[in-house]
Amino acid sequence: MAAGAAAIAALALLSIAYGSTVIALSDVIAALGHAAGLDGDLVPGSVGNIPVAKIIVDLRLPRTIMAICVGAGLGVIGALLQTVTRNDLADPFLFGLSSGAAAGAVSVITIFGDRFGIWTLPVAAFTGGILAAGIVLLLVSRVRGQGPERLILAGLAVSFMFIALTNYLVFAGDQRAAHSVLFWTMGGLGLARWDNVGLAALGACTILAYGLWNHRKLDAFLAGENAAESLGVPVVRMRRTAFLVAAFSTAILVSVAGVIGFVGLMIPHLSRPLAGPLHLRLIASCALFGAVLLLASDLLARTLLPPQELPIGIITSSVGAFFVVTMLIRNRS
């Protein structure tokens, strides 16, 4: 936990300092201190006609905070979904939550346009994510039994349905928006501003608070459904509630950062050897290391091909593919 907190602090400073324009760490610290009211002096440097302090406080600081919130939220979402479904590969992608949010956002980009101002894209993505969750739960309620395997199958079906809808919208809509769609569906933090950082914080805090509040009930799932029921845990209701909270948080996070894959899949597996299987420490460590992963990925995305910015999903998907292959080889041996 201490190492994770230290890594977040170090990566946050590097994320603010490095980008298309490199800013000295002394200027970063001075600007942050001035913004916090700890130092009355102005930041000495400038880039062109734009003060360095404005770049740090108004552009890079909200992006860094959003990376921490989105990474922490996705990491905790993955841990909860893997527990309640007893599936080591569970993450928001598996249940159609991310693809539903993506379809909502793409419909705005390609067809409807920006009719409601800056909130059009987040509202559309949030609506798509919640709609996907509702369809999954409706499908599960229509079949006999409500075990985790049925939830997974319903999620896969809904995920492929919304992926097909997204592809259709890309080809049927405005072709000039294809680049924006491609960048958004691969994830990115370029839309981070002070007026939407609060949304990312809401998504992360919601899933984090739910997980910590119910950590003992989640621990009961580790012994199996029958044992959890005998301990007084309403398994079916708990699974449905956890799924809805995960859907709510995922929809919010995707609405501000796009679709970022593999974070929810990897982080719980990386955290369990360090924090153990019990959820009080596991959830806290997933939040920490999810933030670390996304901060590092965003830093790479902005510095690998300057001045261009790579979609952050390319970085996380590359790391995720290597992680899954490593996991398969380790399990085989």
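Reader: How is the angle between two packed helices defined, and what is the angle for α5 and α6 here?

Author: Axes are lines fitted to C-alpha atoms over the stretch in contact, and angles run from 0 to 180 degrees between N-to-C directions. This is a predicted model. In it, helix α5 (residues 120-141) packs on helix α6 (residues 148-172) at about 135 degrees. Their axes lie 9 Å apart.

Reader: Which word describes how α5 and α6 lie to each other?

Author: Over 145 degrees counts as roughly antiparallel, and 65 to 115 as roughly perpendicular. α5 and α6 are therefore oblique to each other. The crossing of α5 past α6 is right-handed.

Reader: Which residues of α5 and α6 meet?

Author: From α5 come L131, A132, I135, V136, L137, L139 and V140. From α6 come R150, L151, A154, G155, V158, M161 and F162. By class, this contact has twelve nonpolar residues, one polar and one charged.

Reader: Now burial. Which residues of α2 are buried, and what covers them?

Author: Buried means under 20% relative accessible area. In α2 (residues 25-35), D27, V28, A31 and G33 are buried. Their cover includes α1 (2-17) and α3 (52-85). After α2 comes G37, with a positive phi near 80 degrees.

Reader: And the whole protein chain: how many helices and strands does it have?

Author: The protein chain has 14 helices and two strands. Its radius of gyration is 20 Å, close to the 20 Å that the globule rule gives for 333 residues, so the chain is as compact as a globular protein of that length. Of those 333 residues, 50% count as buried. The C-alpha trace spans about 65 × 50 × 40 Å along its principal axes.

Key:
Residues are numbered from 1 along each chain as its sequence is written. This is a predicted model: local features need pLDDT of at least 70, side-chain atom pairs count only at pLDDT 80 or more; totals for chains, interfaces and linings use all residues. Side-chain values use heavy atoms; hydrogens and water are left out. Helices (H or I, at least four residues) and strands (E, at least two) are DSSP runs, numbered from the N terminus. Angles under 35 degrees count as roughly parallel, over 145 as roughly antiparallel, 65 to 115 as roughly perpendicular and the rest as oblique. A crossing is left-handed if the near helix is turned anticlockwise from the far one by less than a right angle, and right-handed if clockwise. Contact means heavy atoms within 4.5 Å. Ala, Val, Leu, Ile, Met, Phe, Trp, Tyr, Cys and Pro count as nonpolar, Asp, Glu, Lys and Arg as charged, and the others, Gly among them, as polar. Buried means under 20% relative accessible area, exposed over 50%, partly exposed in between (1.4 Å probe, protein chains only). The radius of gyration is taken over C-alpha atoms; the globule rule is 2.2 Å times the number of residues to the power 0.38.
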